[in-house]
Amino acid sequence: MEDKKRIGSPRIRKILASLLLGTALVTAGGIVKNGVHVQDYEPKAEKGFCTVLVYMVGSDLEGSYGAATEDLEEMENALQKAEISSGDVHVVVEAGGAQNWQYPAMKGKKYGRFCVTGDGVKEFEDMEARDMGEADTLSDFINYGVQSYPAEHYGLVFWNHGSGQILGFGCDSQFDDSSLSLNEITGAMDHSAMDEKFSFVSLDACLMGNIELAAVLEEKAEYLIASEELEPESGYDYSWLCSLADEIQRSPEDIGDKMGSAMIAAYGNYYKDRDYMITLSMMDLSAYNGFHDCFHKMMAKAGQLADDRVYQELGKHRKTIQGFGDLAGGSQAEIVDLMDLMEQIAEITGDTETYKQLEKQYKLLVPEKVTMGYESEPSGTSIYLPAGSNEWFLQNMSVYGEIPFCTAYQEFLQKYQDYLTKESHIDWHSLEKKEKEIRVQVEPEAVDQIVAAYLTVFCDTGRKGKAYLLSTDSDVLLDRAGFLKAVPEKQYWGLKNEILCLIETLDTEEYTEYISPVWYHDELCLMYISFSKEEQDGKIGAITPMGVKKKQYELKEGDTLYPLYPLEQWDEDERTAMLPEGTGGASVTENEREAGIKSGEIYMDSYYVGNQIRIDSLEEGDADLMLVEANMKNCMFGFMIQDTKQNLYYTDFLSMETEDN
């Protein structure tokens, strides 16, 4: 009889959910009411050329990393370098949302309003803390800015975390991580004294470059500048403010276009020598209606054709659609590239003619962007697409339904919701070993439901049946008879002879991407690794702390890290060592940082800790990936199966060791 073991399925999905989903950085905004009222303000200056309002929610980015301080100093330097008169340009900041501040003017204070100039801070107003996830707070700040510092042109910059269409913008650390939804942002504008369009609205935040935000801001602003991707901690380079000096002389009508171009140029130049994945786009909102007409037409036709077959095909294509940010339930991103999705829908429905028209309109909507670090360049704008593996997706769909966005797309998603909530399962026969191959046969009716299958490797820790995940890889064959087949490898990718846990997240014809959990800079992090035709030996990209979106690291000489391996329990032990609720991706506490971490430990009941890896010399290849021989006696192999609804299933696991080995 083969030595077979079973993982505690289906709860094992929470292991990957914790790694791929991370923590939601913001919660639904507007929970705490603090009695802030919109009011009128007397002018503090003569009418100038431009007033830039900066809504700066410091959160942990400032409290733990001083990132807001760095950007405020960048603003000072840019204004000084450009020799911009404070009478011509006013940069008005509302700062709060952090437990502490490093910026000199804000030290010892919780909340303040002030002007940033080339000579430092002026007109500082010390205030009681306000909930920056409350629409009234934003509305009052807009009133203060436009009435106190009148100008020919206005810009509005949002600074903090961002979490896309569902969770919105901001994470106020003083008010239970309160945030602003898309509707609250536009509601604040509606109830402010701003009776004209902003020349530009820019979000120095992750995941906010989405078509839904463009839809709600279309009547509020001329241009929208934002990123569909996660931003590094440094975010924008505020040298773009220097461009205002030239525009003062020319005083163009389309200043939003000029400032958007300057932001994109500064962003691209700042990160040009870094191994980060970045994208920043400028949307001309005057072109939104033309785009929406084509988009609505295409989605209306797709909605008429939509049935289980269409959604099943969409499920099969999701692995080829670029995703951003969190992965829902450990399997699929719900923030996806807009034009990638539309290309797949056109292919499924056969509506290629409307798609061609849509491409033309999209080029007008997004006239400029910068992208770096991608094997396949994203379009620059995202859209929401729910995943059945996300246990919160019904709640998220309820939130999404309140966004005043294309009715045809909303109806298409409602039908998709019906498909995702239908009960389904995948049945298979017993896993078996044949020479060097393992295989399992799935039931014939389940074959069409399979999107992907991964050869999955677990290793026994020898501690009460605990096992740790070593690898997931889609190098699996599904034949006509319904057999999943794979040949387990004896070597796995690692650093300095230490194997890393590689979890596949994306596989296309051009490249494959993985994440690897590591303990790095005294934080629980994810290392991003990709393989392509040009990088067949793999390339390490950014290293991002879990629970801190707006931060990325690069491996440097002298660094140390520990590979981490997610834990599970073999079924012979009744207890299942799952991730405690809220553990996955949670911010590491100060006590946990001080406690440190050691090889061979079980960390937070969630990870097995590998041996320390020290990067002594980059020239000698310490940061280069290498194949490392695994201890086959310790490995168990099986399959992880993903269906068209993004659900994950696990087969039995067995050892490849035989008496002849």
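Guide: A polar contact is a pair of N or O atoms within 3.5 Å; within protein, one must be able to donate a hydrogen and the other to accept it, and residues adjacent in sequence count only if both atoms are side-chain atoms. This is a predicted model: local features need pLDDT of at least 70, side-chain atom pairs count only at pLDDT 80 or more, and totals for chains, interfaces and linings use all residues. Residues are numbered from 1 along each chain as its sequence is written, and side-chain values use heavy atoms, with hydrogens and water left out.

Visitor: What does the side chain of serine 192 reach?

Guide: The backbone oxygen of methionine 189, at 2.8 Å.

Visitor: Is serine 192 buried or exposed?

Guide: Buried, because its relative accessibility is 14%. Buried means under 20% relative accessible area, exposed over 50%, partly exposed in between (1.4 Å probe, protein chains only).

Visitor: Which residues is it in contact with, leaving aside neighbours within four places in sequence?

Guide: Serine 192 then contacts Ser139, Ile142 and Asn143. Contact means heavy atoms within 4.5 Å.

Visitor: And where is serine 192 found?

Guide: In the loop between helix H6 (182-190) and strand S9 (200-204). Helices (H or I, at least four residues) and strands (E, at least two) are DSSP runs, numbered from the N terminus.

Visitor: Switching topic. Which residues meet between H10 and H15?

Guide: From H10, Phe295, His296, Met299, Ala300, Ala302 and Gly303. From H15, Thr407, Ala408, Tyr409, Phe412 and Lys415.
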